[in-house]
Amino acid sequence: MANFTKEEIDIIVVGAGPSGIAVSAWLNKLGKNNVVLEKQDCCAYLWKKKIFDRLHLYLSKDFCSFPFLPHANSSPMYMPKKDTLQAL
Ligand SMILES: Cc1cc2nc3c(=O)[nH]c(=O)nc-3n(C[C@H](O)[C@H](O)[C@H](O)COP(=O)(O)OP(=O)(O)OC[C@H]3O[C@@H](n4cnc5c(N)ncnc54)[C@H](O)[C@@H]3O)c2cc1C
């Protein structure tokens, strides 16, 4: 985790769900100092604490990958919760 002074922050991302984490990954890649603020006590709160363990994404892996984390050919077509959390 990077530490910036307030003056050094370029962008604040609100929410550390999959969208916020993905945006932050891209901002890091673009060299933009960013901070992700999350109101819950962890990132990916919905996925960690609210979604049942047997959940699989309902879109195939071709449509659901995180930035800079391509799926392995051997990974399941529909990502299970544990793989989604691992990627996050
Ligand atoms: C059963 C189910 C199946 C799904 N299947 C798929 C699928 O197959 N493919 C797919 O692409 N998507 C799927 N989704 C949808 C999507 O992946 C999830 O809903 C995902 O969690 C959305 O990510 P998000 O970051 O946009 O929102 P969230 O996960 O809701 O994250 C938002 C975060 O912002 C935080 N927040 C909100 N307001 C503030 C604030 N004011 N200050 C600080 N923090 C704040 C919240 O606490 C939360 O952690 C599925 C969802 C469900 C429920």
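The shell around the ligand is made up of 13 nonpolar, five polar and two charged residues. In this predicted model, the ligand is surrounded by 20 residues. Gly15, Gly17, Ser19, Lys39 and Leu57 are the closest of these. Two elements each supply two or more residues to the shell. These are α1, spanning residues 18-29, and α2, spanning residues 45-50.

The UniProt record, an unreviewed entry, places the feature "domain: FAD-binding" at residues 9-41. Helix α1 covers residues 18-29 and contributes to the ligand shell.

Turning to the whole protein chain, three helices and two strands are present. Their order along the sequence is β-α-β-α-α. The C-alpha trace spans about 45 × 25 × 15 Å along its principal axes. The protein chain has 88 residues, and buried residues make up 1% of them. Contacts were also examined by sequence separation. Among those with a separation of 6 or more, 46% come from residues 24 or more positions apart.

Methods: Residues are numbered from 1 along each chain as its sequence is written. This is a predicted model: local features need pLDDT of at least 70, side-chain atom pairs count only at pLDDT 80 or more; totals for chains, interfaces and linings use all residues. UniProt positions are given in the numbering used here, feature names are shortened, and annotations may be inferred rather than shown by experiment. A residue is near a molecule or strand if its C-beta atom, placed from the backbone, lies within 6 Å of it. Helices (H or I, at least four residues) and strands (E, at least two) are DSSP runs, numbered from the N terminus. Ala, Val, Leu, Ile, Met, Phe, Trp, Tyr, Cys and Pro count as nonpolar, Asp, Glu, Lys and Arg as charged, and the others, Gly among them, as polar. A residue is buried if 20 or more other C-beta atoms lie within 10 Å of its own, exposed if 12 or fewer, and partly exposed in between; C-beta atoms are placed from the backbone. Two residues are in contact if their C-beta atoms, placed from the backbone, lie within 7 Å.
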